[in-house]
Amino acid sequence: MNTRKVFMLIVGNNPAVLERPLLVGELACPERQGELRPWSAARPCRLREAGAETEITPRCGRCRACKKTHVLSADIALCRRRDTLSCIGAVVGVCNNGNNGRLRRCPATCRVT
Ligand SMILES: [Zn+2]
């Protein structure tokens, strides 16, 4: 069984703002604390929110110490989830409403098979 660890850094969603910390080495590697430097981009992904879709292309950084690349996830997305963070948060809020802090399945999100 492959037990490879995948580390992701959650950063802002503005590419222009993200480039500067990458260029000057202000972002640290989550594994070795080495400096992350600009390194290509991950595959584009489509996110859903309020009936609309947005395509984002996460930026990648490469650690100078361990030479690994890391995906810099946008702060509007969760790893391997198609809905945006605010969309998921809204559903959790609806499901939790009036339930004394206990989550239940939300009928609006259940599929009928
Ligand atoms: Zn590293």
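Modeller: Happy to; here are some notes on the model, followed by your questions. This is a predicted model, where local features need pLDDT of at least 70, side-chain atom pairs count only at pLDDT 80 or more, and totals for chains, interfaces and linings use all residues. Residues are numbered from 1 along each chain as its sequence is written.

Colleague: Is Gly61 buried or exposed?

Modeller: Gly61 sits in strand β5, residues 59–63 (strands are DSSP runs of E, at least two residues, numbered from the N terminus). A residue is buried if 20 or more other C-beta atoms, placed from the backbone, lie within 10 Å of its own, exposed if 12 or fewer, and partly exposed in between. Because Gly61 has 25 such neighbours inside 10 Å, the class is buried.

Colleague: How far apart in space are Gly61 and Pro38, C-alpha to C-alpha?

Modeller: Pro38 is among the residues that Gly61 touches, as are Trp39 and His70 (contact means C-beta atoms, placed from the backbone, within 7 Å). Gly61 and Pro38 are 23 residues apart in sequence, yet their C-alpha distance is 4.8 Å.

Colleague: What is the phi of Ala50?

Modeller: Most residues other than glycine have a negative phi. Ala50 lies in the loop between β3 (45–49) and β4 (52–56), and is exposed because it has 8 C-beta neighbours inside 10 Å. Although not a glycine, Ala50 has a positive phi, about 50°.

Colleague: And where is Lys67?

Modeller: Lys67 also is not a glycine and has a positive phi of about 65°. Lys67 is exposed, since 10 other C-beta atoms lie within 10 Å. Its place is the loop between β5 and β6 (69–74).

Key
Helix = DSSP H or I, 4+ residues; strand = E, 2+ residues; numbered from the N terminus. Contact = placed C-beta atoms within 7 Å. Lists of a residue's contacts leave out its neighbours within four places in sequence.
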